[in-house]
Amino acid sequence: MSLRLSTVILPYRRWSEGGRAAWQRAEQLGFHTAYTYDHLSWRTFRDGPWFGAVPTLTAAAAVTDRLRLGTLVTSPNFRHPVTLAKELISLDDISGGRVTLGVGAGGTGFDATVLGQEPWTPRERADRLAEFVPLLDRLLTEDSVSYEGDFYSAHEARNIPGCVQRPRLPFAVAATGPRGLRLAARYGQAWVTTGDPRLYENGTPEQSVQAIRGQVEKLADACAEIGRDTNELDKILLTGFTPDRGRPLESLDAFVDFAGRHRDLGFTEIVIHWPIPDSDFAADEKVFEQIAMEAPAQLR
């Protein structure tokens, strides 16, 4: 099974000061998709420049031709399905049908409190996602939607002409728990994981592979429950959050070894962070570009 290689470009640079160039270079390097984070601010970048995901992706769509574009990931923390659907339909149109929506329950970081609310518990986040995804699915596939739920409402929401991609743009659902995996199985064209966060500090790469294997098996079980073939879903690993951390980007051989082990688990796409100096995503840019250009051929 061949393995696609994608990247995630954090939106911390002004468009005129390296932002545009990164997205264009991602296309030149042959990445399958370039994603960005959909946060209002994020961790150590909180007190520095940080730009919005949808405007960034719209600008990227205007300066690229083949590169797929997406979010990793959008969440209900500050998004509403009605307004998000309108933005996604517009972005899909501008890009000529090159958009993937990564979507997940979100976390407890800055996005969870920036609108003045208390952070939701894991159960509350799961409850909201369970309503958010099906409603968004309807909004992107139906001309007019009315809905009254526990968390979201829509009154004759119009989304004409709909997505360029039919029946709608693909969802890549980030999930590790049972409810999220069931959403991925039912609504996802792809599933996303970052591994097991409990292993990040003190786990080993071998333990991480075993944990991710377990996630893949649970996804297969969720698919089987509804009679869906798990092979219909792309399986995406967003790197940088397993015990390996940045080691896979230290050399081409190291990356091919890392990616090969996860390809053997059934993954169809590996996402690596565009290098950011003096951050958790620091990496040698020459090695990064070598990986982009040479690793896919070695992983066929």
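Author: Let's start with arginine 245. Arginine 245 is in the loop between β9 and α7. Keep in mind that this is a predicted model.

Reader: What is the phi of arginine 245 near?

Author: Near 50°. That is a positive value, in a residue other than glycine.

Reader: And is arginine 245 buried, exposed or partly exposed?

Author: Partly exposed. The relative accessible area of arginine 245 is 34%.

Reader: Where else is there a positive phi in a residue other than glycine?

Author: At aspartate 278, with phi near 55°. Aspartate 278 belongs to the loop between β10 and α8. With a relative accessible area of 82%, aspartate 278 is exposed.

Reader: Backbone again. Which peptide bond into proline 161 is cis?

Author: The one from isoleucine 160, with omega near 15°. Proline 161 lies in the loop between β6 and β7. That loop also holds proline 167. The bond from arginine 166 to proline 167 is cis, with omega near 0°.

Reader: Switching to the fold. How many strands close into a barrel, and in what order?

Author: 8 strands, in the order β1-β2-β3-β4-β7-β8-β9-β10. Their pairing is parallel. From one strand to the next the twist averages 25°.

Reader: Why is β3 described as largely enclosed by the rest of the structure?

Author: Because 7 of the 7 residues of β3 are buried.

Reader: β5 and β6 next. In which sense do they pair?

Author: Antiparallel, over 4 bridges. A hairpin through 4 residues joins β5 to β6. Serine 144 has arginine 158 as its bridge partner in β6.

Reader: Helices now. Which strands does α1 lie across?

Author: β1, β2 and β3. Helix α1 covers residues 19-28 and runs at about 150° to β2. Helix α7, residues 252-263, packs on the sheet too, touching β1, β9 and β10. The direction of α7 makes about 140° with that of β10.

Reader: Core packing. How many residues are in the largest nonpolar core?

Author: 69. Phe31 and Phe255 have the most contacts inside that core. α4 gives the most to this core, with 7 residues.

Reader: What is phenylalanine 255 in contact with, neighbours within four places aside?

Author: Leu5, Pro248, Leu249, Ile270, Ile272, Ile291, Ala295 and Leu299.

Reader: How many aromatic pairs does the structure hold?

Author: 12. Take phenylalanine 132 and tyrosine 152: their ring centres are 5.7 Å apart and their planes are at 75°, so this pair is edge-to-face. Phenylalanine 132 is in helix α4 and tyrosine 152 in the loop between β5 and β6, so the pair ties together parts 20 residues apart in sequence.

Reader: Are those two, phenylalanine 132 and tyrosine 152, buried or exposed?

Author: Both are buried.

Reader: Which residues form the aromatic cluster?

Author: Tyr12, Tyr37, Trp42, Phe45, Trp50, Phe241 and Phe281 form one cluster.

Reader: Cysteine 223. Which helix is it in?

Author: α6, residues 205-225. Cysteine 223 has 0% relative accessibility, so it counts as buried. Leaving aside neighbours within four places in sequence, cysteine 223 is in contact with Ala185, Arg228, Thr230 and Leu233.

Reader: Last one. What does glutamate 289 touch, residues up to four places away not counted?

Author: Arg25 and Leu29. Glutamate 289 itself is in helix α8, residues 285-298.

Technical notes: Residues are numbered from 1 along each chain as its sequence is written. This is a predicted model: local features need pLDDT of at least 70, side-chain atom pairs count only at pLDDT 80 or more; totals for chains, interfaces and linings use all residues. Side-chain values use heavy atoms; hydrogens and water are left out. Rings of Phe, Tyr and Trp (its six-membered ring) pair if their centres lie within 6.5 Å; planes under 30 degrees apart count as stacked, over 60 as edge-to-face and the rest as tilted. Helices (H or I, at least four residues) and strands (E, at least two) are DSSP runs, numbered from the N terminus. Buried means under 20% relative accessible area, exposed over 50%, partly exposed in between (1.4 Å probe, protein chains only). Two strands pair if DSSP finds at least two bridges between them. Axes are lines fitted to C-alpha atoms, for helices over the stretch in contact, and angles run from 0 to 180 degrees between N-to-C directions. Contact means heavy atoms within 4.5 Å. A nonpolar core is a set of buried Ala, Val, Leu, Ile, Met, Phe, Trp, Tyr and Cys residues joined through side-chain atoms within 4.5 Å.
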